[in-house]
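Dear colleague,

I am handing over the structure that we talked about, and below it you will find what came out of a first look. Please keep it open beside this message as you read.

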Amino acid sequence: MPNPNPLTVDAGPFGSVAVTGQVSGIGALQSHATHAGGIGNQDGFVDLSNAQVEIQTTQGPVQFYVQAGAYSLPSLGSSYLQATKATDQLFGPVPVAYVKGVITPELTVMAGLLPTLVGAESTFTFQNINIERGLLWNQEPAISRGVQINYAHGPFSAAVSLNDGYYSGKLNWLSGTLGYAIDSSNSISFVGAGSLSRNDKLSVATPVAQNNSSIFNFIYSHASGPLTITPYLQYSHVGRDDQLGINRSADTYGGAVLVKYALNTEWSLGARAEYLKTTGGTCGADADCTPTNLLYGTKSDAWSLTVTPTYQKGVFFARGELSYTRIGNLEAGLGFGRDYAQRDQVRALVETGILF
């Protein structure tokens, strides 16, 4: 939970400005590390997970939000990228920053570096019930540059965004979400996003196949007393595009359940279970074809279980995590371990720090 009493300063024409932040470290032990270089491929490692500050306003017709600093983005089923490299190779030292215009109490417009509308998990460790993001999150865009229009009235909410998808720098993605609050405890939302044109950008943050795809979610959320439960479904499609080297179309189908239970005012327990499968992408006997791999090879699948107990008192927090990832139909050379042939991986993590 964020600090309920953040530092505020009088910024003259900007009004009251709130300043919050996070400083936290992470330690991990894991089985079947690849040992291919970098601390994320070692049996154990210690690193910085957050050293960030947020500056924002929440009143007036023009508001702003800026998040700056260093971060790492640990996720299941993939090698850990240490904070210095993640900050440099992913979204830079200012990953989120936007201006928001309040047209009416129901209608707002945002422009800048925006959190994605896709999925049920947020990007940074301190924003989630688990330390690591999940397998479904690995298929989703995280932060995009663009513009977004938001509308909310009564139980209905909607947003639409023109953005650059997987941080490609080209405004050729259209994203949208439609939500409905059934009552004070239950809500549903539909999310759809996809590329409108071809884009050959390739980087750590911009995989070519996913950046030329479309992705959809159905998300249900229930919050009552100490329990919050969020099951959601996900589907994505990558179409064939020989000019981009995508010689076969491919799809992913997945589902996850996120659960948080507050044991008391200081202790809570988070958990996640998920399954993801990919289909298509195979070349058969075509020697000139490159398979389209979205997971651990064409027609591969994987599932994971994660448990995360958390202690927080004031601005201090500490949490542990145990996760298990299992690959089903593994393609040779795309698994875990030194020989990339292992089907499973266990991780034990600890994260601790302050939220000021």
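Is Trp267 buried, partly exposed or exposed? With a relative accessible area of 39%, Trp267 is partly exposed, where buried means under 20% relative accessible area, exposed means over 50% and partly exposed lies in between, using a 1.4 Å probe and protein chains only.

Before going on, please note that this is a predicted model, in which local features need pLDDT of at least 70 and side-chain atom pairs count only at pLDDT 80 or more, while totals for chains, interfaces and linings use all residues. Residues are numbered from 1 along each chain as its sequence is written, and side-chain values use heavy atoms, with hydrogens and water left out.

**Aromatic rings**

A pair of aromatic rings is described by the distance of the centres and the angle of the planes. Rings of Phe, Tyr and Trp (for Trp, its six-membered ring) pair if their centres lie within 6.5 Å, and planes under 30 degrees apart count as stacked, over 60 as edge-to-face and the rest as tilted. By this rule the count comes to 13 aromatic pairs. One of them is the tilted pair of Trp267 and Tyr311, with 5.2 Å from centre to centre and 50° between the planes. Trp267 lies in strand S14 (residues 267–280) and Tyr311 in strand S15 (residues 301–313), so this pair ties together parts that are 44 residues apart in sequence. Strands (E, at least two residues) and helices (H or I, at least four) are DSSP runs, numbered from the N terminus.

Trp303 and Tyr324 also form a tilted pair, with 5.4 Å from centre to centre and 55° between the planes. Because Trp303 lies in S15 and Tyr324 in strand S16 (residues 316–327), the pair ties together parts that are 21 residues apart in sequence. Trp303 is partly exposed, at a relative accessible area of 33%, and Tyr324 counts as partly exposed at 24%.

Elsewhere, Tyr71, Phe124 and Phe126 form one aromatic cluster. The charged end of Arg145 sits over the ring of Tyr167, 3.7 Å from its centre; a charge is said to do this if NZ of Lys or CZ of Arg is within 6 Å of the ring centre and within 35 degrees of the ring normal.

**Nonpolar cores**

A nonpolar core is a set of buried Ala, Val, Leu, Ile, Met, Phe, Trp, Tyr and Cys residues joined through side-chain atoms within 4.5 Å. The largest one has 19 residues, and those with the most contacts inside it are Leu135 and Tyr296. The elements that give two or more residues to this core are strand S10 (186–195) and strand S11 (213–224). Apart from it lies another core, of 18 residues, among them Tyr71, Ala97, Met110 and Ile143.

If contact means heavy atoms within 4.5 Å, which residues does Tyr296 touch? Not counting residues up to four places away in sequence, the residues that Tyr296 touches include Gly77, Leu135, Ala302, Ile327 and Phe336.

**Paired strands**

Two strands pair if DSSP finds at least two bridges between them. S11 and strand S12 (residues 227–238) pair in the antiparallel sense over 10 bridges, and Phe216 stands opposite Tyr235 in S12. These two strands form a hairpin with 2 residues between them, and Gly225 in the turn has a positive phi of about 60°. S12 in turn pairs with strand S13 (residues 250–262), antiparallel over 12 bridges, with Gln234 opposite Gly254 in S13.

Strand S17 (residues 344–355) pairs with strand S2 (residues 16–30) in the antiparallel sense over 9 bridges, and the bridge partner of Gly27 in S17 is Val350. S17 is also joined to S16 by 11 bridges, the two running antiparallel, and here Phe317 stands opposite Gly353 in S17.

**The disulfide and a loop residue**

The structure holds 1 disulfide, that is, a pair of cysteine sulfur atoms within 2.5 Å, and this one joins Cys283 to Cys289 with an S to S distance of 1.9 Å. The torsion about the S-S bond is about -60°, so the disulfide is left-handed. Cys283 and Cys289 are buried. By contrast, Thr265, in the loop between S13 and S14, counts as exposed at 80% relative accessibility.

With best wishes

Notes: Contact = heavy atoms within 4.5 Å.
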